Amino acid sequence: MDDDRYERGRERFLEVHDEKALAAVEGLGDLGRMIVTFVYGEGYTRADLATRDREIAAVAALVALGRSSQIPQHLRASLKAGISPEELREIIIQTATIAGFPVAMNAMSTLKSVLTDRDRGRGDDR
């Protein structure tokens, strides 16, 4: 059962992110396996939310919690899921109304960097 969830999670992870991000997560050993199995094999495969909606929730939560190391990956996943840069800016602004301006300022700066890298053709997870 766990192997099935892991494989399902691995496939889903690659739909949302990329090979380089998967390699980074799998490089975490048992913790990475838990992330792939639970977050992507269980959470991201549920049918009631589209990937786009899941990424809106992920970005808002990461911004609110100030998880700056995770935000770039989910901003890229959001763009891949069809969320526009303008919508991402609005998500960050909306999050500021609840979580505060400092975390939103950091996220907005991160979005700017992600978009610059994407425009330069470096949208990977360096």
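This is a predicted model: local features need pLDDT of at least 70, side-chain atom pairs count only at pLDDT 80 or more; totals for chains, interfaces and linings use all residues.
Which helices are included in what covers the buried residues of α5? What covers the buried residues of α5 includes α1 (2-16), α2 (19-26), α3 (30-43), α4 (51-65), α6 (85-99) and α7 (101-119).

If you find α5 itself, which runs over residues 71-80, you will see that the helix is mostly covered, with nine of its 10 residues buried. Those buried residues are Ile71, Pro72, Gln73, His74, Leu75, Arg76, Ala77, Ser78 and Leu79. After α5 comes Gly82, and the phi angle of Gly82 is positive, near 100 degrees.

Let me turn now to α3, which is one of the helices that cover α5. With 14 residues at 1.5 Å a residue, α3 should span 20 Å, and the C-alpha atoms at its ends are 18 Å apart, which agrees with that expectation. Within this helix, Gly32, Val36, Thr37, Tyr40 and Gly41 are buried.

How many aromatic pairs does a search of the whole structure find? The search finds two. In the pair made by Phe13 and Tyr40, the ring centres are 4.7 Å apart and the planes stand at 65 degrees, and because planes over 60 degrees apart count as edge-to-face, that is what this pair is called. Phe13 belongs to helix α1 and Tyr40 to helix α3, so that the pair links distant parts of the chain, 27 residues apart. Is each of these two residues buried or exposed? Phe13 has a relative accessible area of 3% and is buried, and Tyr40, at 4% relative accessibility, counts as buried as well. Ring pairs also bring in Tyr44, and they link Phe13, Tyr40 and Tyr44 into a cluster.

Side chains of opposite charge can pair when their charged atoms come close. A search of the whole structure finds seven salt bridges, and I will take you through some of them with care.

In one, the side chains of Arg33 and Asp3 meet, with 2.9 Å from N to O. Here again distant parts of the chain are linked, since Arg33 is in helix α3 and Asp3 is in helix α1, 30 residues apart. Arg33 counts as partly exposed, at 34% relative accessibility, whereas Asp3, at 53%, counts as exposed.

In another, Glu42 forms a salt bridge with Arg5, and the closest N and O atoms are 3.3 Å apart. Glu42 lies in helix α3 and Arg5 in helix α1, so this pair ties together parts that are 37 residues apart in sequence. Glu42 is partly exposed, with a relative accessible area of 28%.

A further salt bridge joins Glu26 and Arg10, with the closest N and O atoms 2.8 Å apart. Since Glu26 lies in helix α2 and Arg10 in helix α1, the pair ties together parts that are 16 residues apart in sequence. Glu26 is partly exposed, with a relative accessible area of 27%, and Arg10 counts as partly exposed at 27% relative accessibility. Salt bridges that share partners also join Arg5, Arg8 and Glu42 into one network.

Finally, please look at Ala96, which is found in helix α6. With a relative accessible area of 8%, Ala96 is buried. Which residues is Ala96 in contact with, once its neighbours within four places in sequence are left aside? They are Phe101 and Ala104. The C-alpha atom of Ala96 is separated by 35 Å from that of Arg5, a residue 91 places away along the chain.

How values were computed:
Residues are numbered from 1 along each chain as its sequence is written. Side-chain values use heavy atoms; hydrogens and water are left out. Buried means under 20% relative accessible area, exposed over 50%, partly exposed in between (1.4 Å probe, protein chains only). Helices (H or I, at least four residues) and strands (E, at least two) are DSSP runs, numbered from the N terminus. Contact means heavy atoms within 4.5 Å. The expected span of a helix is 1.5 Å times one less than its number of residues. Rings of Phe, Tyr and Trp (its six-membered ring) pair if their centres lie within 6.5 Å; planes under 30 degrees apart count as stacked, over 60 as edge-to-face and the rest as tilted. A salt bridge is a side-chain nitrogen of Lys or Arg within 4 Å of a carboxyl oxygen of Asp or Glu.
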